[in-house]
Amino acid sequence: MEQLHGFSFDGRLLLMAFAATLLLTSQAADDRKAFHSQIFISQFHFDFILSNIIYIHIVWVYIVYMGKPSEGGFSAVSQRHTNMLQQVLTNSDASKSLVYSYHRSFNGFAAWLNQEEARKFAKMDEVVSVFPSEKKQLHTTRSWDFMGFFQQARRSSLESDLVIGMLDTGIWPESESFSDEGFGPPPPKWKGECQPASNFTCNNKIIGARFFRSEPLGEGDILSPRDTEGHGTHTSSTAGGNLVSGASLFGLGLGTARGGTPSARIAVYKICWSDGCFDADILAAFDNAIADGVDIISLSVGGFIAKDYFNDSIAIGAFHAMKNGILTSNSGGNSGPSLGSITNVSPWSLSVAASTIDRKFVTNVKLGNGESSQGISVNTFQLGDKLIPLIYAGDAPNTTAGFNESLSRFCFPGSLDVNQVEGKIVLCDEISDGEAALSSGAVGTIMQDGGLQDAAFLFPLPASVLDLNAGNNVFQYLRSTSNPEATIEKSTTIEDMSAPSVVSFSSRGPNLITLDILKPDLAAPGVDIVASWSEGTTIGGLEGDNRVSPFNIISGTSMACPHATGAAAYVKSFHPTWSPAAIKSALMTTAFPMAPKLNTDAEFAYGAGHINPVNAINPGLVYDAEEIDYIKFLCGQGYSTQNLRLVTGDESNCSNAAKTAASDLNYPSFGLLMKSQKLNTRVYHRTVTNVGEPVSTYKAVIRAPPGLEVTVRPATLSFRSLGQKMSFSVRVKANTGGNILSGSLSWEDGVHLVRSPIVAFATPS
């Protein structure tokens, strides 16, 4: 299951007490051996082997990936998949086991299998990979203007022919962001559909909508493309929503909300539900989106760790999208700032980090002694001028439930004494979601936290998050008087002079699957973003929070991803024949450079830099790559000829001549993995394509810190026509001394600046 930003054969947690009890109480070992328990489980991570369980079959949805599309229509392909199941299944009806037949854009199926059955499929010659359908999670008014992409930006007449495929929690079709006023019929290329649902209707803006659910339906979910979570509505409006004036969250963030390509059409593929996003559903959505005719795919979803490319549903789907000329834009993940935490890392997709914008939401706390402290939160509540009794959470433990002050001070769920907290503002020693304070009857909460205060969050009651110094001032005041009082004001905005910087929660590189491919690719606004929201849920999504709004303010790489999606669609509207790699190159090489002093993780935080849509439509040169380039790269990564032929459907051969080192993939960045901190040297080979002026001359400009030496040959590229390709080599010598060394190569012709980052780093010993 994916996070909303497969299973190795040894990995699932089985803790089913009823099965253990049945086995432990059986009369004889023979009875236990004969006992077959088929247990349907949704979510677990490690095998738990009960010593007395002799024979148990765990049934799980597995994905059997078989590569290129199979010949024949749905019925023929589905029958072939059913026949394969019949050959392997030991105890189940094949037709009941089959969940999906992937047939439109690639070949494979999802089915309920146990581990032994999955192993049998993995040994078949026609199978590329077998992995469980794990659960992944879901990783504005001001943001587009902040990056210089103003409402008056130049637009292409082809923008309304573009279709953005949004793989998310669905969409709220009644939102003004998705009105089809002024839109003509869908473009003739469109082959999608509006899946029948009793409460959902498409229009000429939302031209397609499907939903996918392989697991039993969760509580509160509905089988419809309608969004009951809010996330999908937010991302869709950010990527391609209409212009909506007067957008705000109860007055906060007031302005005109719009997507990157307001005239584009939207196709919705609901893959995420209240309990997450499953791999089987993600692949089903890719299978349909590619065949339906989308131009860009946006996916603000990811797993907990980076995985081998062909055991990763998102990497597989994005690969087949690339084969069909479709770029996939991915969120990088919200597990930062740990190095190596980025999860969506395939080189054929765009991996996006989250950065700040120059607007910050702050929330003042006013104490009874007249002092004020400024914290951060998105607080829509107004307590008025009246001061309210203040209590320290450590003084109000729920002793009846077994809590003491050392636990209650953190405001853990159930740790607070309702009789002491009710009607008061409670001071907590740690940031939380605020639900414990609310359920205990508090009318507000002040939280003190030592983390970076670079993103504001919503809470279900009046709240402000203070740094430790300000929090200590509140605590000292509370201890200085017998009747401490405070109030929490409604949030206001201030200018964030440090923007853009990558937010602390944004996942960092390096890319743990292929260290020489720099990830993330770039950064885009992902902090405190105002965008449309589902009115089928509350803005906080927590019990006790009854606020409903057509707009919301949230943060995450999930918000950064649709900014990149909208920018990619914008580039494609001007260059409809460009490959996914060319579009990606244009976005990366024109990005605004970011400052390492604000992000000590440097390119591992922000990649090539901060996205710059206006310049991306005229990059001058692009680093292009086609399917064959990625195949050679995969050969170099150790994939077999047999598997790659299944994926490509041709006579691909991983001979030595057909292998490309990761460092030689025609990528718009340069990563040097060093085995030690001593002097290392590597030579890279790249080819650029002229998409600027027909006759032009570019000169190499190197920027490198001490310890990094870069030589480019030739140092001048002279073009005589559009589309002309020229190759060059880059020799990098580095001695990191244990640091990340950041440099760059720019090709400059006086008009264009085509910049690529160069990063050298040593792996930990």
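## The parallel sheet

In this predicted model, Met166 has Ser298 of strand 15 as its bridge partner. The pairing to which this bridge belongs joins strand 8, residues 163-168, to strand 15, residues 296-299, through four bridges, and the two strands run parallel.

## Antiparallel pairings

Strand 25, residues 485-488, takes part in two antiparallel pairings that can be described separately. With strand 19, residues 359-367, strand 25 pairs in the antiparallel sense over three bridges, and in this part of the model Val365 has Ile488 of strand 25 as its bridge partner. With strand 21, residues 388-392, strand 25 is joined by two bridges, the strands again running antiparallel, and here Pro389 is partnered by Glu485 of strand 25.

Four bridges pair strand 33 with strand 35, residues 716-719, in the antiparallel sense, and the bridge partner of Thr697 in strand 35 is Ser718. Five bridges pair strand 33 with strand 37, residues 741-748, also in the antiparallel sense, with Trp747 of strand 37 as the bridge partner of Ala700.

## Packing of helices 8 and 9

Two packed helices are described by the angle between their axes and the distance between the axes. For helix 8 (residues 279-292) and helix 9 (residues 313-323), the angle is about 5 degrees and the axes are 9 Å apart. Angles under 35 degrees count as roughly parallel, and helix 8 and helix 9 are therefore roughly parallel to each other.

On the side of helix 8, the contact is made by Asp279, Ile282, Leu283, Phe286 and Ile290, while helix 9 contributes Ser313, Ile314, Ile316, Gly317, Ala318, His320 and Ala321. Sorted by class, the residues in this contact between helix 8 and helix 9 are eight nonpolar, three polar and one charged.

## Helix 18 and its surroundings

Which residues of helix 18 are buried? They are Tyr630, Ile631, Phe633, Leu634 and Cys635, and the buried residues of this helix pack against helix 9, helix 15 (580-589) and helix 19. Helix 18 is followed by Gly638, whose phi is positive, near 100 degrees.

Cys635 also takes part in a disulfide, which joins this residue to Cys654 with an S to S distance of 2.0 Å. The torsion about this S-S bond is about -75 degrees, so the disulfide of Cys635 and Cys654 is left-handed. Cys635 lies in helix 18 (residues 627-636), whereas Cys654 lies in the loop between helix 19 (641-648) and strand 31 (670-674), so the pair ties together parts that are 19 residues apart in sequence. Both Cys635 and Cys654 are buried.

## The other cysteines

The disulfide count comes to four, and when the bonded cysteines of the protein are numbered in sequence order, the pairing reads 1-2, 3-4, 5-6, 7-8. One of these links is formed by Cys194 and Cys202, whose sulfur atoms are 2.1 Å apart; the torsion about their S-S bond is about 90 degrees, so this disulfide is right-handed. Another link is formed by Cys272 and Cys277, with their sulfur atoms 2.1 Å apart. This link is right-handed, with 110 degrees about the S-S bond, and both Cys272 and Cys277 are buried.

Cys561 is buried, with a relative accessible area of 0%.

How values were computed:
Residues numbered from 1 in each chain as written. Predicted model: local features only at pLDDT ≥ 70, side-chain atom pairs only at ≥ 80, totals over all residues. Heavy atoms only, no water. Pairing = 2+ DSSP bridges. Axes fitted to C-alpha atoms, helices over the stretch in contact; angles between N-to-C directions. Parallel < 35°, antiparallel > 145°, perpendicular 65-115°, else oblique. Contact = heavy atoms within 4.5 Å. Nonpolar A, V, L, I, M, F, W, Y, C, P; charged D, E, K, R; others polar. Disulfide = S-S within 2.5 Å. Buried < 20%, exposed > 50% of the residue type's maximum accessible area, 1.4 Å probe, protein only.
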